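Here is a friendly briefing to read alongside your structure viewer. Take a look at the model first, then work through the points below.

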Amino acid sequence: MKSSTGLYSKTFLLILLMVTFGPLGNALLSKGMKHIGTVTIRTFPDLLHILHQVFISGVIWLGMLSLMMFFVSYMLVLSWADYSYVQPASAFAYGVVALWGHFLLHETVTPTRWLGVLIICVGVFVVGYTHPRTTGHK
Amino acid sequence: MLWEILLLLMIVIAGTGGELCISRTMKTVGEVRDFSPINLFRVIVRAMHVGWMWIGLLLSIVAFLALLGALSIENVSFVVPVTAISYAAGTLGGKIFLGERVSLQRWAGVALVCIGVTLVFLGRK
């Protein structure tokens with residue numbers, strides 16, 4: 001019973017980290033890229049210039065660090081929890097990214113977009129509750 | 001607008017293609033049962049010997065760069081939900097490319113994702 005509670009606690013904690021760091025990483029990348037400005041690549045030097053600006057942006061590095069935290073949490077939780085349990089939980093990241101966008105980046109999220117995000121979460125949840133393995137592996 | 005749609009398509013197609021290639025690689029490598037660091041290192045080395053892994057990594061880099069490009073133009077609350085359409089692309093790719101059997105329930109979930117993405121698209125200011 002005690003180990004079962006521990007398993008639930010660590011799974012919940014890791015999923016919480018995933019749902020926090022994944023969308024936060026995307027929000028920080030967005031902030032960094034908005035600071036750089038609209039990307040238009042016409043020549044090879046243009047591409048090098050943009051890549052240089054990306055590499056010197058602290059916010060983008062924070063975003064990548066946050067996405068790495070997400071990825072490590074994802075790998076760790078998958079080492080003991082079922083993919084079919086973890087994947088539906090990750091659906092909430094779509095809702096969280098809209099929240100980060102609204103509160104951190106002051107983006108205008110229309111009611112239609114909120115409804116779309118909600119339906120996406122439900123859709124991913126439904127996908128997550130199907131059997132995770134359909135090919136002939138033992 | 002055209003550039004924006006092109007970037008979103010690149011995120012979905014290159015991202016899904018990359019995941020399918022990595023998934024195919026991991027099916028070749030075999031199921032990982034031992035999660036010790038030394039074994040995980042061996043798994044990575046084995047995966048790096050599979051050609052699909054390199055194609056998968058290249059496509060993932062392309063998808064990441066396209067994501068950066070899209071985020072420079074559009075809001076994150078628009079770009080990330082729209083990329084959920086990759087669930088539909090992934091399901092279709094899994095069926096065609098990996099021979100997965102997709103249940104009616106999974107198709108229903110994918111249909112909901114598509115409806116949601118359409119609403120996010122329509123909900124642009």
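At what angle do the axes of helix H6 of chain A and helix H6 of chain B cross? In this predicted model, they cross at roughly 165 degrees and come within 7 Å of each other. The points below start with that pair of helices, then turn to each chain.

**Where H6(A) meets H6(B)**

- The two partners are residues 111-128 of chain A and residues 104-122 of chain B.
- Angles over 145 degrees count as roughly antiparallel, so H6(A) is roughly antiparallel to H6(B).
- The handedness of this crossing is left-handed.
- On the chain A side, the residues in the contact include Thr112(A), Arg113(A), Leu115(A), Gly116(A), Ile119(A), Ile120(A) and Gly123(A).
- On the chain B side, they include Gln105(B), Arg106(B), Gly109(B), Leu112(B), Val113(B), Ile115(B) and Gly116(B).
- Sorted by class, the residues of the contact between H6(A) and H6(B) are 15 nonpolar, 6 polar and 2 charged.

**Chain A as a whole**

- Chain A has 6 helices and 0 strands, and its pattern along the sequence reads α-α-α-α-α-α.
- Of the 138 residues in chain A, 42% are buried.
- Among the contacts in chain A with a separation of 6 or more, 77% join residues 24 or more positions apart.

**Ser73(A), in helix H3**

- You will find Ser73(A) in helix H3 of chain A, which covers residues 58-78.
- Is Ser73(A) buried or exposed? Its relative accessibility is 5%, and because buried means under 20%, Ser73(A) counts as buried.
- The side chain of Ser73(A) reaches back to the backbone oxygen of Met69(A), at 2.7 Å.
- Setting aside neighbours within four places in sequence, Ser73(A) is in contact with Leu14(A), Leu17(A) and Met18(A).

**His106(A), in a loop**

- His106(A) sits in the loop between helix H5 (92-103) and H6 of chain A.
- Most residues other than glycine have a negative phi.
- His106(A) is not a glycine, yet its phi is positive, at about 55 degrees.
- With 65% relative accessibility, His106(A) counts as exposed, because the cut-off for exposed is over 50%.

**H1(B) against H5(B)**

- Within chain B, helix H1 (residues 2-29) packs with helix H5 (residues 86-97) at an angle of about 40 degrees, and their axes are 9 Å apart.
- H1(B) and H5(B) are therefore oblique to each other.
- This crossing of H1(B) and H5(B) is right-handed.
- H1(B) brings Val12(B), Thr16(B), Leu20(B) and Arg24(B) to the contact, while H5(B) brings Ser86(B), Ala89(B), Gly90(B), Gly93(B), Gly94(B) and Phe97(B).
- By class, the contact of H1(B) with H5(B) has 4 nonpolar, 5 polar and 1 charged residues.

**Ala70(B), in helix H3**

- Ala70(B) belongs to helix H3 of chain B, residues 51-73.
- At 5% relative accessibility, Ala70(B) counts as buried.
- Which residues does Ala70(B) touch, not counting those up to four places away in sequence? They are Leu7(B), Ile11(B) and Val79(B).
- Ala70(B) and Ile11(B) are 59 residues apart along the chain, and their C-alpha atoms are separated by 8.8 Å.

Note on methods: Residues numbered from 1 in each chain as written. Chains lettered and ligands numbered in written order. Predicted model: local features only at pLDDT ≥ 70, side-chain atom pairs only at ≥ 80, totals over all residues. Heavy atoms only, no water. Axes fitted to C-alpha atoms, helices over the stretch in contact; angles between N-to-C directions. Helix = DSSP H or I, 4+ residues; strand = E, 2+ residues; numbered from the N terminus. Parallel < 35°, antiparallel > 145°, perpendicular 65-115°, else oblique. Left-handed = near helix turned anticlockwise from the far one by under 90°. Contact = heavy atoms within 4.5 Å. Nonpolar A, V, L, I, M, F, W, Y, C, P; charged D, E, K, R; others polar. Buried < 20%, exposed > 50% of the residue type's maximum accessible area, 1.4 Å probe, protein only. Polar contact = N/O pair within 3.5 Å; in protein donor to acceptor, adjacent residues only side chain to side chain.
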